[in-house]
Amino acid sequence: MPELHENYVRPTNRLTGGGPAAYASIMDGTSGHNRQSCWIVTDGSAGMENQCIGLAEALDLDFTVKRIVTTRPWRWLPPQLWLNPLHRLDASGDLLTPPWPDVLITCGRQAIPMSLAIKKANGEKTVTIHIQTPNCKASEFDIVIVPEHDRLRGPNVLVSLGSLGRVTPERLQVEGEKFADAVADLPRPLVAVLVGGSNRCYDMNADVIRDLAARLKSLHEEAGCSFLVTTSRRTGAENEAILEAYLAGLPHQLWTGDGANPYFGYLALADALIVTADSVNMVCEACTLGKPVHIFELPGGNRKFNYFHKSMQDKGYTRPFRGKLETWSYPPLQETRRIAAEVADIIAARTRGG
């Protein structure tokens, strides 16, 4: 599975969100009070975590984030070979002990044995939802959610266009207002530049980042635009220094991890976006805005990434960045809410069936 963007502030271990109010009332008959408990279990990867949090927020669950550290040699074995998975957790991470949650959302292979074990320990009462293709049978979970570019299909498999995320109109409005004054003096158009970094499929070296920076400089000279730039933990200090040097004479803001995270605010305030190709999550979040999303291509790629980018272009969400700002429109991508509604329907049907 492609790596996902990591430019969020790390969430705390207790977060709550808002979503379909019908979910809570269907599940407990209280019209939104006493929401169902939920654990989000991952190995701590921000990209994985954010997908799970986005779904939990859209479902209006009372959720707790659990970041686990698995021990050797178990972390390398398929889930069906783990003995007593809940006892194979290192104390440097979160331990998983009762009371068990009503709903469990997992992402990543390290969390799979934990999901299977919790389901069994709670007498099949916990609803298990796994995001991304698991390395075991999909039928081991109540619901599996995969991106369209993965091949897994099945009766309990929901397919999303790309990844889930935490961008909502409500969050954008709040964050846009929060950072509006900080960018008020920058000339329009405002271009958000979302920079990822090298991963298993793409290489973002110094030459690549110089090319991106040079194109931004040329774009400003042609369009008179300003830049709202965020980087990832994968970007690297050398690449960030190159960006900073090129942007020095241009109207811009550059966020590299210090101070309040302006990510959602930049999305809200931007007139257009440029996104590096290494992050499915970052591209999908940009496309929730309905604004032009230009993809800065990187050396590398694989079948899944190539399929994803072609699909997003064919559906009219994105276009390659060719050094110019283009204008087009499309219905904002709202996959997290769509998938959450399907999940709520499935769980409601299960509840009615006893």
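Visitor: How many aromatic pairs does the structure hold?
Guide: Happy to start there. This is a predicted model, and its aromatic pairs number five.

Visitor: Take Tyr 202 and Phe 305: is the pair stacked or edge-to-face?
Guide: The ring centres are 4.8 Å apart, and rings pair if their centres lie within 6.5 Å. The planes stand at 75°, and planes over 60 degrees apart count as edge-to-face. So Tyr 202 and Phe 305 are edge-to-face.

Visitor: How many residues apart are the two parts of the chain that this pair links?
Guide: Tyr 202 sits in the loop between strand E8 (190–194) and helix H5 (206–223). Phe 305 belongs to helix H9 (residues 303–314). Both Tyr 202 and Phe 305 are buried, and the distant parts they link are 103 residues apart.

Visitor: And what kind of pair do Tyr 317 and Tyr 330 make?
Guide: Their ring centres lie 5.2 Å apart, with the planes at 75°. Planes over 60 degrees apart meet the cut-off, so Tyr 317 and Tyr 330 are edge-to-face.

Visitor: Is Tyr 330 buried or exposed?
Guide: Tyr 330 lies in the loop between E13 and helix H10 (335–352), while Tyr 317 is in the loop between H9 and strand E13 (318–320). Tyr 317, at 13% relative accessibility, counts as buried. Buried means under 20%, so at 9% Tyr 330 is likewise buried.

Visitor: Which residue lies over the face of Trp 39?
Guide: A charge can sit over a ring, as Arg 171 does over the face of Phe 264, at 5.3 Å from the ring centre. For Trp 39, the residue at 4.7 Å from the ring centre is Lys 66.

Visitor: How many residues of helix H3 are buried?
Guide: Helix H3 (residues 112–121) is mostly covered. Its buried residues include Ile 112, Met 114 and Ile 118, and what covers them includes strand E2 (37–42), strand E4 (103–107), strand E5 (127–131) and H10.

Visitor: Why do the buried residues of helix H4 lie on the same side?
Guide: In helix H4 (residues 169–179), the buried residues are Leu 172, Glu 175, Gly 176 and Phe 179. An α-helix has 3.6 residues a turn, so residues three or four places apart point the same way.

Methods
Residues numbered from 1 in each chain as written. Predicted model: local features only at pLDDT ≥ 70, side-chain atom pairs only at ≥ 80, totals over all residues. Heavy atoms only, no water. Phe/Tyr/Trp six-rings, centres within 6.5 Å; stacked < 30°, edge-to-face > 60°. Helix = DSSP H or I, 4+ residues; strand = E, 2+ residues; numbered from the N terminus. Buried < 20%, exposed > 50% of the residue type's maximum accessible area, 1.4 Å probe, protein only. Lys NZ or Arg CZ within 6 Å of the ring centre and 35° of its normal. Contact = heavy atoms within 4.5 Å.
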